[in-house]
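I opened a new notebook page for this structure. Here is what I looked up.

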Amino acid sequence: MSDYSEIEIKTSDKKAEDLGLTKSEYQKIKKILNREPNFTELCIFSAMWSEHCSYKSSKKWLKTMNFQNSSVICGPGENAGVIDIGNGLAAVFKMESHNHPSYIDPYQGAATGVGGILRDVFTMGARPIANLNCIRFGDPSHPKTKYLIEGVVAGIGGYGNCVGIPTVGGETYFNENYNNNILVNAMTVGIVSANKIFYSKASGVGNPVIYVGSKTGRDGIHGASMASAEFDQTIESKRPTVQVGDPFTEKLLLEACLELMKSDSIVAIQDMGAAGLTSSSFEMASKGNLGIEINLDKVPQREKNMKAFELMLSESQERMLIVVKKGKEKEAEKVFLKWELPFSIIGRLTDSGNMVLYKSDKIVANLPISPLVSEAPEYDRKWKRSKHYTQNPIKKLEKLDLKKNLIQLISSPNLSSKKWVWQQYDHMVMTNTITGPGSDAAVVRIERSDSALAITTDCNPKYVFGNPKSGSKQAIAESWRNLICVGAKPIAITDCLNFGNPEKPEIMGQIVESIEGIKEATEVLNFPVISGNVSLYNETEGKSILPTPQIGAVGVINDISNIASIIWNENELIYILGKNDIELGCSAFDEIIEKTGISEPPTINLKQEKKVGSFVLNKIQEGLIKTCHDISDGGILIALAEMAINSKIGAKIDHPKLDTTPLEWWFSETQARFIVTIPKNQKAVLEKEAVTQNVPILHLGIVKGNTLQINKEMSISLQDLENHNSSWLPDYMNS
Amino acid sequence: MKAKIFITLKDDVLDPQGKAISKSLKNLGFEGISDVRQGKLIEIKIDNDNKSKVFNEIDNMCKKLLANTVVENYKIEITE
Amino acid sequence: MKVSLIIFPGSNCDNDAKIALEKLIKAKVNMVWHKETSLPKTDLIVLPGGFSYGDYLRPGSIASKSHILFDIIKNGKKGTPILGICNGFQILTEAKLLPGTLTRNIQLKFICENTYLRVVNNDTIFSSRYNNNEIINIPIAHHDGNYFAPDHTINELEDSNRIIFKYCDKDGFVTKTTNPNGSINNIAGIVNDSKNILGMMPHPERAYDPLTKNIDGTKVFTSLLDIIL
């Protein structure tokens with residue numbers, strides 16, 4: 001690429017195609033410009049019109065989602081979404097994918113994923129307070145899986161630990177459909193004064209445009225178009241395009257930006273993420289309906305002889321573009337010098353409506369901003385409804401062995417403890433982590449206050465594959481439940497939609513149905529989407545990943561003295577709240593034990609979710625319930641085992657109807673259920689209130705001893721449970 | 001002039017990285033490896049033509065910053 | 001008590017330490033930027049955790065050459081108490097205020113977890129409120145906490161009672177299996193020969209708040225209240 005001398009190169013259909021633009025897109029460009037674009041200009045179009053930057057396949061459907069409730073301050077369209085969390089504060093959060101780079105170079109790919117999402121949050125003036133990471137790998141037996149986990153986990157830790165933001169949660173998941181296309185979805189949550197939020201809309205003709213952060217190199221050129229193409233076997237040769245992260249510079253950039261934001265200098269600010277300088281400058285100018293002039297010679301450069309298109313497309317990390325008020329340049333410079341960051345005034349805002357780029361005193365690109373944005377392609381891609389499966393009839397197995405099955409499940413890759421992962425993340429720095437990784441939701445105190453945020457990430461891709469619409473509803477319902485489990489009022493979500501190639505109608509169908517499900521669930525639960533990201537073309541050699549609409553959710557705890565956790569106490573009574581049923585489609589039990597294949601996942605009844613969830617939340621806020629865990633993957637027995645292991649206390653379960661209950665009951669993944677425990681003297685209160693409010697309640701047993709005992713059917717010692725649960729991952733990694 | 005500084009762990013200091021590399025090489029089927037030690041290479045360009053002065057200067061840098069002589073040895077190579 | 005809390009580019013536990021100092025010993029904390037050349041009047045110097053200069057070259061090495069270190073070294077030699085936590089400990093060894101060095105964890109991984117420590121010597125200004133051989137639980141979070149020093153230094157540290165904390169199990173046994181990072185003799189924290197400078201890898205500033213379910217680090221700070229000034 002670097003051999004191109006941009007001025008002389010004539011553009012053509014072929015050249016456009018090489019850059020990922022279709023023939024008709026190229027025609028459209030010529031029409032907008034009324035001439036042939038030069039190579040630099042074509043590169044800019046190719047980046048801005050890539051799937052990654054333009055959302056051209058998904059935009060039509062994304063627009064239909066629910067973005068509003070009374071807490072939302074800023075929905076999608078900015079660097080991150082913002083919600084009001086009371087006391088004059090706002091929470092800023094977003095989740096973003098870094099899938100392809102993490103497959104090519106797991107350490108750097110994952111590290112720069114963390115860096116990018118951190119910048120999205122502090123760009124808005126917020127100090128990041130928590131990171132979460134959802135990582136999905138192929139089958140553990142696949143030869144690359146171990147190497148990928150090793151690198152991804154070290155990369156996430158290496159970056160987040162160094163910047164000093166605790167990584168408090170996330171998910172680690174294995175499935176063969178991710179063998180050649182892993183997922184790394186990073187989420188950051190930050191806190192800002194509600195009246196000190198910074199946006200990317202530029203204003204003020206003549207205001208200077210400042211570049212600050214690492215120097216620009218040739219790394220990551222065409223990253224945005226790479227994120228928009230399917231993988232093939234040449235992927236290894238794409239290695240040079242992966243960016244290298246510098247968490248130290250990120251930390252300096254974070255502190256410097258937050259320091260400058262205390263003064264009254266900044267008009268607009270935007271980080272240079274995908275498509276680097278191109279998309280950041282376009283977005284700022286476009287939102288302000290202004291033009292922008294940039295002198296590329298002024299861009300701090302790490303390598304020699306960089307071409308205009310390289311400077312515009314580079315995805316070198318840890319860089320920011322800032323518009324300051326005219327006359328405030330010195331103030332900005334002082335702050336950036338203190339933090340020893342490269343800094344340069346590279347241009348200014350104009351009223352021309354065009355982006356004009358200069359290099360060596362020549363104009364190297366001159367593009368009208370508004371048509372480039374407003375006429376960006378938007379496709380109504382063909383789609384077809386996904387195959388509808390039926391619920392598997394429950395096979396009455398000859399002999400179901402409760403204990404054996406419990407051990408099989410709790411030591412399986414997806415249900416076993418992920419401590420090996422999260423102990424490589426600093427989850428305690430900032431000293432506000434009340435509940436860290438390995439629980440339903442993380443709880444992070446808001447510094448020097450009595451309130452906290454709860455944060456969770458959820459998605460069960462098997463459910464989504466079985467039924468994209470209800471599976472997506474389930475992901476949202478589960479995140480909603482998980483926030484409630486710790487006593488938080490659920491406020492809003494971010495989503496990271498990971499799918500295959502949208503040009504295939506069945507994949508596009510998954511996307512459409514998934515968005516339908518998200519829309520419905522967020523409406524019924526009043527739990528809007530405030531930010532997100534779409535990652536398509538997650539396919540290798542024609543094989544798609546499982547559809548993975550990853551949800552990240554945030555809730556508010558106003559009084560940290562009334563939080564709940566998974567930890568139960570001796571002699572407490574154990575209850576299930578919610579209606580029990582037997583649904584094993586797409587369950588962990590089916591995957592590991594029955595192996596009947598894909599079928600209809602558990603039904604989602606959002607009204608029931610709302611009713612049971614609201615009841616539980618109320619009782620936690622009132623201080624009645626201190627112990628709570630939702631029933632999800634693996635069902636009741638797994639939930640009980642997780643509570644016992646974490647509490648280091650066992651339980652005696654004497655559910656009365658045991659004789660008539662099929663053993664599958666213990667593994668059913670029926671939704672809208674919680675396990676709670678309460679002190680004995682509260683028995684009457686809880687039972688009565690549940691009945692009054694028409695919430696199904698079932699007494700299961702009592703917290704006691706050092707075994708988990710189910711009537712006379714089964715008994716297992718805590719030590720055994722813990723060993724089976726904790727050993728799989730470290731053993732696998734050391735094998 | 002250009003100086004290359006090779007920094008290695010002293011022999012009596014455990015080198016877990018070297019050990020990990022060695023294990024991995026053996027897993028890949030490479031035979032006969034008795035030891036792997038990992039170190040680092042630092043290259044410094046310096047505007048000075050006097051080789052012995054440059055050497056002394058670099059030696060000083062090593063003592064003051066580049067190497068931790070509690071655990072590390074260093075070797076300097078000066079090229080034109 | 002007046003405390004100088006030193007901030008280097010890349011420090012990230014500075015705020016945590018500040019809050020702990022304010023809450024536990026009502027300290028007046030001056031945040032001192034590494035480019036300063038002299039410290040304000042100070043009763044205690046704290047070097048916080050983090051990744052000063054990104055841990056580039058060696059953890060703590062670049063920070064140990066900062067301007068402010070001249071005055072810190074001067075004060076330390078005069079007897080001013082200095083507490084170095086995690087990266088602060090690494091900086092103290094690089095600055096030669098404490099012997100030995102902290103190398104890469106033996107598993108080559110960053111590790112963040114609560115660890116049991118045995119208070120080996122309570123006869124210092126940092127540990128006086130603990131009992132000797134008390135078993136406490138304080139988190140570690142580091143990539144390079146594997147303490148190394150030549151045999152003669154280790155012997156000297158042992159003989160002169162300058163090892164303050166050792167990693168142990170919940171019953172206080174100091175064994176290889178309870179060593180989280182490979183440190184020689186399970187060393188988690190040491191003092192200089194005049195015992196006014198403590199370096200420790202575990203983070204006491206993360207262990208004082210009942211809300212985070214760990215308060216065992218409190219006495220590292222409150223012990224300092226007993227200094228007769």
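My entries cover the ground rules, the cores, the aromatic rings and chain B.

**Ground rules.** I worked on a predicted model, where local features need pLDDT of at least 70 and side-chain atom pairs count only at pLDDT 80 or more, while totals for chains, interfaces and linings use all residues. Residues are numbered from 1 along each chain as its sequence is written, chains are lettered from A in the order in which they are written, and side-chain values use heavy atoms, without hydrogens and water.

**Cores.** I looked for nonpolar cores (buried Ala, Val, Leu, Ile, Met, Phe, Trp, Tyr and Cys residues joined through side-chain atoms within 4.5 Å). Buried means under 20% relative accessible area, exposed over 50%, and partly exposed in between, with a 1.4 Å probe and protein chains only. The largest core has 113 residues. I72(C), L83(C) and F165(C) have the most contacts inside it. Helix α10 of chain A, residues 247–262, gives the most to this core, with nine residues. Helices (H or I, at least four residues) and strands (E, at least two) are DSSP runs, numbered from the N terminus. Apart from this core I found another, of 61 residues, including L606(A) and F674(A).

**Aromatic rings.** I paired rings of Phe, Tyr and Trp (its six-membered ring) with centres within 6.5 Å; planes under 30 degrees apart count as stacked, over 60 as edge-to-face, the rest as tilted. I got 16 pairs over all chains. F248(A) and Y53(C) have ring centres 5.7 Å apart and planes at 45°, so this pair is tilted. F248(A) lies in helix α10 of chain A and Y53(C) in a loop of chain C, between β3 (44–47) and α2 (68–78), so the pair joins two chains. Both residues are buried.

Next I checked W728(A) and Y732(A). Their ring centres are 5.0 Å apart and their planes at 5°, so they are stacked. They are four residues apart in helix α24 of chain A (residues 718–734), about one helical turn. With F137(A) and F174(A) they form one aromatic cluster.

**Chain B.** How many helices and strands are there in chain B? I noted two helices and three strands. Along the sequence the pattern is β-α-β-α-β. The radius of gyration is taken over C-alpha atoms, and the globule rule is 2.2 Å times the number of residues to the power 0.38. For chain B the radius is 16 Å, well over the 12 Å that the rule gives for 80 residues, so the chain is more spread out than a compact globule. Buried residues make up 32% of the 80 residues in chain B.
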